[in-house]
2 protein chains.
Amino acid sequence: MSSSLTQNTDGRRARGNKARAQILAHSTIIASVEGLEGLTIGRVAAEAGVGKGNIQVLFGDREALQLATLNDAVEFYKTTVLEPALGKETPFARLLSFVEGWYAFVAARTLPGGCFISAVSSEYRARPGRIQDQINAHRKSQRATLRNLIIEAKKAEEIRADIDADMLVFELLAYQAGANVASLIGDEGDFALARLASRCRLDWAAVTPRPYAG
Amino acid sequence: MSSSLTQNTDGRRARGNKARAQILAHSTIIASVEGLEGLTIGRVAAEAGVGKGNIQVLFGDREALQLATLNDAVEFYKTTVLEPALGKETPFARLLSFVEGWYAFVAARTLPGGCFISAVSSEYRARPGRIQDQINAHRKSQRATLRNLIIEAKKAEEIRADIDADMLVFELLAYQAGANVASLIGDEGDFALARLASRCRLDWAAVTPRPYAG
C-alpha cells in the first residue's frame, strides 16, 4: 500500500519532527530564563548547533519560533503535571495531584525559570499581539482545568457543596503566583508557605476537613 | 527668642517644603503609571511647571528624586490607609481596616497605577541598587505591620490561637498581589474575589468564625 514516495515523505517528516524537538528543547530553556524576547533565530541556531536556515524552514519567522516555544513549554508541563494527575482515581485525588504537581514542578526546577506561563505573562502583560493572545489562551485553559477538577470533586461529594469554585481557583492561583516569585528570588520560606496554604485550602474544602496545619 | 535670621531660615524651609511637595505630587502620579524609571528631572520639571535647576537644588540627582518619590508614595499610603486603621478600637478592627483599606485604596484609584509598591517591586525585581533596597525595606515594613496586627489580635483573643501568623500574612499578601494585577488589567471579577477571599480569611481566623461567604 505505501509507495516509496510515502515512505520518503514519512522519513522526512520524522527527521523534521526530530529536528524541531531538538531545537525546541534549546529554545524552551533559553526562554524559561530570559523570556520569549530572549529568543532570536540566530541565538537559538547557535545554542542548538544548527543553521539559521534550518530553523527558518522548520518554524518560519521569529514570532512563529516564539509561539512554538510557548506551546512546547505548555505541552511539557501538561505531560509532566496534568497527565499524571488525570490518571488518579477520584476527582479530589486528581485535583490534589494537579495542584501539588505544580509545586513539585517549580521546586525541582524542571524548567530553570520556574513556571513558564507565570514568567511570560509578566513579560507580555503590556505587549498586545499574537504571543499575548496565546499566553492568555493557555492561562484560560489552565484555569478552566483547575475549575473543572473542583466542580467534578464537588459533584463526587469529595468537596463541600458550599465551596465557591471561582474563589477557590483564585486562591490557589494567587498562592502559585506568590510561590513562583518566592522561588525565583530564593525565598524558600514563602514558597513553603504557599505550598502549605494550597494544601490547607484543599483539605479545608474537602468534605472531611482536616485541621489547619499552620 | 526667634531672631530674624531664624525667621528667614524658617520661611525658606517652609517655601522649600511646599515646592518639594508640589513636585512630588507630580512625580508620584507619573511613577504610579509609568514606573520609577519613567522619572527624569526634565520630565518632572515640565509636568510640575518648575525649572530643572529647582528640582536639582531641592532633591539632588535623578536617583534622589526617584527615592523621594518612592518614599512619598509610601507615606501617602500610610496616611490614607494605615493611620486611620491604627485609630480603630480593637486589634482585630485595626487589622480588618488595614486589609480592607488596601482594597479601597486600589479600587478608588487613589493612585492611578494601583498599588505603588507592587508596581515598583515588579519593575525593580532584577535591578539591584539603592532603589531596590528601599523598595524591599518598605515591603518588609508593611509585612511586619500586618504580622504585628495579627499577633496583637491573637494576644487580644480576637484571632484564634491556632492561626499561623506567617501563613495568614502570606495568604493576605498573595490575594493583594492577585488583586492588583486584576485591577490593572480591568478584571473586576478577580478583584472582587480577592477582596472577598481576604475578608473570608480574616472572618475564618476570628475567634467567632463567620460562615464562608463564597
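This is a predicted model: local features need pLDDT of at least 70, side-chain atom pairs count only at pLDDT 80 or more; totals for chains, interfaces and linings use all residues.
The fold of chain A was examined next. Chain A contains 9 helices and 0 strands, and its pattern along the sequence reads α-α-α-α-α-α-α-α-α. Taken along the principal axes, the C-alpha atoms of chain A fill a box of roughly 60 × 50 × 30 Å.

Two packed helices are described by the angle between their axes and the distance between the axes. In chain A, helix α4 (residues 62–86) and helix α6 (residues 116–123) have axes that come within 10 Å and cross at roughly 145°. On the α4(A) side, the residues involved are A:Thr69, A:Leu70, A:Ala73 and A:Val74, which meet A:Phe116, A:Ile117 and A:Val120 of α6(A). By class, the residues of this contact between α4(A) and α6(A) comprise 6 nonpolar, 1 polar and no charged.

Over all chains, a search of the whole structure gives 24 salt bridges. One salt bridge joins the side chains of A:Glu37 and A:Arg127, at 3.4 Å from N to O. A:Glu37 is located in the loop between α1 (4–34) and α2 (41–48) of chain A, and A:Arg127 in the loop between α6 and α7 (130–155) of chain A, so the pair ties together parts that are 90 residues apart in sequence.

The interface between the two chains was then described. The size of an interface is often given as the accessible area lost when the parts come together. Between chain B and chain A, the buried area is about 2,100 Å², and carbon and sulfur atoms give 64% of it. The contact involves 25 residues of chain B and 25 residues of chain A.

Polar and charged pairs also occur across this interface. The count of residue pairs in polar contact between chain B and chain A, both at pLDDT 80 or more, is 5. The rule finds 2 salt bridges across the interface of chain B and chain A. In a salt bridge of 2.6 Å, N to O, the side chain of B:Asp190 meets that of A:Arg143.

On the side of chain B that touches chain A, at least two residues each come from α8 (165–184) and α9 (188–205) of chain B. The most is given by α8(B), with 9 residues. Divided by class, this side of chain B has 14 nonpolar, 3 polar and 8 charged residues.

Definitions and conventions
Residues are numbered from 1 along each chain as its sequence is written. Chains are lettered from A and ligands numbered from 1 in the order in which they are written. Side-chain values use heavy atoms; hydrogens and water are left out. Contact means heavy atoms within 4.5 Å. Buried area is the accessible area (1.4 Å probe) that two parts lose on being put together, summed over both. A salt bridge is a side-chain nitrogen of Lys or Arg within 4 Å of a carboxyl oxygen of Asp or Glu. A polar contact is a pair of N or O atoms within 3.5 Å; within protein, one must be able to donate a hydrogen and the other to accept it, and residues adjacent in sequence count only if both atoms are side-chain atoms. Helices (H or I, at least four residues) and strands (E, at least two) are DSSP runs, numbered from the N terminus. Ala, Val, Leu, Ile, Met, Phe, Trp, Tyr, Cys and Pro count as nonpolar, Asp, Glu, Lys and Arg as charged, and the others, Gly among them, as polar. Axes are lines fitted to C-alpha atoms, for helices over the stretch in contact, and angles run from 0 to 180 degrees between N-to-C directions.
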